Amino acid sequence: MGLLLVLRPPQPRPKSLRRATRTQRRERHRADAEEWANAEECGLLLDVPVEELLPLMNAAGGNRLPILGQLDPWSDGVLSREDLPQLDVEVDRLEATADDDMERGLVAALRALLARWRDEPGLMLHWYGD
């Protein structure tokens, strides 16, 4: 199970695939896969395993983290640039509680994604759960 963090422009509300044909569903998933691959190549995507993120977040304060506490691995959401200063503070808390190389690597990847977000003012941070 993972949590996909992607920097992308604001998106219109997606149309429901509930009544889509099988071909339309396949095409939509193929287009999403292509977009994620391109975003990953450009450093705009971070695929975070939930089993690595949740223990680190719980050690840093869990639901008391106003921004990171919103990241639900079973839903989707969007963070705006106004959330960036608080998000930096929360990543500092994650860094202070990181105990091993895997957790420190996760924090470094989050910092790299946030640095890229600062460089790209037209983007928003979208998250997609399983």
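This is a predicted model: local features need pLDDT of at least 70, side-chain atom pairs count only at pLDDT 80 or more; totals for chains, interfaces and linings use all residues.
Helix α2, spanning residues 50-60, contributes the most to the lining of the second largest cavity, supplying four residues.

The structure contains two cavities of 30 Å³ or more. The second largest cavity, to which α2 gives the most, has a volume of about 40 Å³. Its lining is formed by Leu 3, Val 50, Leu 53, Leu 54, Met 57, Leu 71 and Pro 73. Sorted by class, these lining residues comprise seven nonpolar residues, with no polar and no charged ones.

The largest cavity has a volume of about 70 Å³. Leu 5, Leu 68, Leu 71, Leu 79, Leu 87, Val 91, Leu 110, Leu 113, Leu 114 and Leu 125 make up the lining of this cavity. Two helices, α3 (84-97) and α4 (101-119), each provide at least two residues of that lining. Of the elements involved, α4 gives the most, with three residues. By class, the lining of the largest cavity holds 10 nonpolar residues and neither polar nor charged ones.

The two linings may also be read together. Leu 71 is listed among the residues that line the largest cavity, and Leu 71 is likewise listed for the second largest cavity.

Conventions: Residues are numbered from 1 along each chain as its sequence is written. Side-chain values use heavy atoms; hydrogens and water are left out. On a 1 Å grid over the protein atoms alone, a cavity is a set of points where a 1.4 Å probe fits but cannot get out, and a pocket is an open set with protein on both sides within 12 Å along at least five of seven lines; lining residues have an atom within 4 Å of a point. Grid points are joined across faces, edges and corners, and a volume is the space filled by probe spheres set on the points. Ala, Val, Leu, Ile, Met, Phe, Trp, Tyr, Cys and Pro count as nonpolar, Asp, Glu, Lys and Arg as charged, and the others, Gly among them, as polar.
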